[in-house]
Amino acid sequence: EAALRRGDLLAAAAQQAALANGDPATAALNTAQTLLAQDKPQLVLDVLQPWVEKKQLSPRGLHMRGAALVMLGRASEALAILAPLASEQYLSAEPLAELEAGWQAAAMRQSAHANDLHQRWNQLPARLRECEEVLLAYAQRAGELGLEAEGANALADAIDQRWNEALVRQFALLPAARDDSRLSRAQRWLGDHPASAALALCVGRLCLRARLLGKAEERLHRA
């Protein structure tokens with residue numbers, strides 16, 4: 001790694017070759033790390049596969065394999081790696097929670113069908129359903145897959161529980177459901193959050209969608 005940082009590719013290659021002879025597993029991990037940094041996830045999987053087959057992949061390798069799967073649009077497969085990472089205590093609690101949230105959000109975004117997304121969301125524990133990153137990913141993908149009302153309700157329920165302006169901003173950006181009740185719900189929040197610029201923008205956008213041009217202009221001006 002020091003040789004790579006210096007830009008000495010020949011020295012780096014010689015060191016890696018020597019390491020491959022003496023410690024092929026570590027050499028594979030180092031190669032995988034370099035490939036991951038170069039955004040070559042399929043090559044990462046190829047390099048790590050012999051150790052996967054022998055069930056000898058280290059926690060570091062598992063972590064990189066999961067990251068590569070996510071990059072390839074296979075986050076649902078990466079989620080299975082979280083349990084062994086936790087049991088090996090490879091990451092402390094907070095980084096592991098952040099990793100789980102990121103991979104779960106990626107799995108939401110990569111859901112191909114509405115039923116898959118709906119099932120994935122319903123199977124999440126409460127702590128992840130309350131996570132901003134996961135919530136936003138679910139709501140956005142729900143809107144794309146025809147679950148507009150479900151996405152809006154998930155955001156609104158979370159906002160009711162704990163005020164979050166990032167969720168408020170996204171609330172107005174979702175596609176409209178057939179019976180779009182977002183405006184009335186957002187207007188109820190005005191009493192508790194009259195100074196919120198995010199809420200003023202949200203209500204203004206929803207008024208525009210409802211063709212309430214006077215109210216829209218007023219709210220957008222406040223935002």
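Author: Start with a helix pair: H5 and H8 are roughly parallel to each other, because their axes cross at roughly 25° and angles under 35 degrees count as roughly parallel. Keep in mind that this is a predicted model.

Reader: Which residues make the contact between H5 and H8?

Author: From H5 come His63, Gly66, Ala67 and Val70. From H8 come Leu99, Trp103 and Ala106. The axes come within 10 Å, and the crossing is left-handed.

Reader: How do H13 and H14 run, roughly parallel or roughly antiparallel?

Author: Use the angle again. Over 145 degrees counts as roughly antiparallel. H13 and H14 pack at about 155°, so they are roughly antiparallel. Their axes lie 11 Å apart. This crossing, too, is left-handed. Phe171, Ala172 and Leu173 of H13 meet Arg182, Ala186 and Trp189 of H14.

Reader: Is Phe171 buried or exposed?

Author: Buried means under 20% relative accessible area. Phe171 has 1%, so it counts as buried. Its contacts beyond four places in sequence include Ala152, Leu155, Cys202 and Leu206. Ala156 is also touched by Phe171. The two are 15 residues apart in sequence, and their C-alpha atoms are 7.4 Å apart.

Reader: Now the charges. How many salt bridges does the structure hold?

Author: It holds six. Look for a side-chain nitrogen of Lys or Arg within 4 Å of a carboxyl oxygen of Asp or Glu. Arg74 and Glu77 form one, with the closest N and O atoms 2.8 Å apart. Glu77 is partly exposed at 38%, and Arg74 is partly exposed at 29%.

Reader: Which residues are linked in a network of salt bridges?

Author: Asp157, Asp160 and Arg185 are. Arg185 reaches Asp157 at 2.6 Å. That pair links distant parts of the chain, with Arg185 in helix H14 and Asp157 in helix H12, 28 residues apart. Arg185 also meets Asp160, at 2.8 Å, N to O. Those two are 25 residues apart. Arg185 is buried at 16%. Asp157 is partly exposed at 41%, and Asp160 is partly exposed at 44%.

Reader: Which side chain of opposite charge is nearest to Arg65?

Author: Glu77, 5.3 Å away. Arg65 has no salt bridge, yet it is buried. Arg65 lies in helix H5. Among the residues it touches are Leu45, Leu48, Val52, Leu57 and Ile81. Gln49 is another of its contacts.

Key
Residues numbered from 1 in each chain as written. Predicted model: local features only at pLDDT ≥ 70, side-chain atom pairs only at ≥ 80, totals over all residues. Heavy atoms only, no water. Helix = DSSP H or I, 4+ residues; strand = E, 2+ residues; numbered from the N terminus. Buried < 20%, exposed > 50% of the residue type's maximum accessible area, 1.4 Å probe, protein only. Lys, Arg positive; Asp, Glu negative; His and termini not counted. Contact = heavy atoms within 4.5 Å. Axes fitted to C-alpha atoms, helices over the stretch in contact; angles between N-to-C directions. Parallel < 35°, antiparallel > 145°, perpendicular 65-115°, else oblique. Left-handed = near helix turned anticlockwise from the far one by under 90°.
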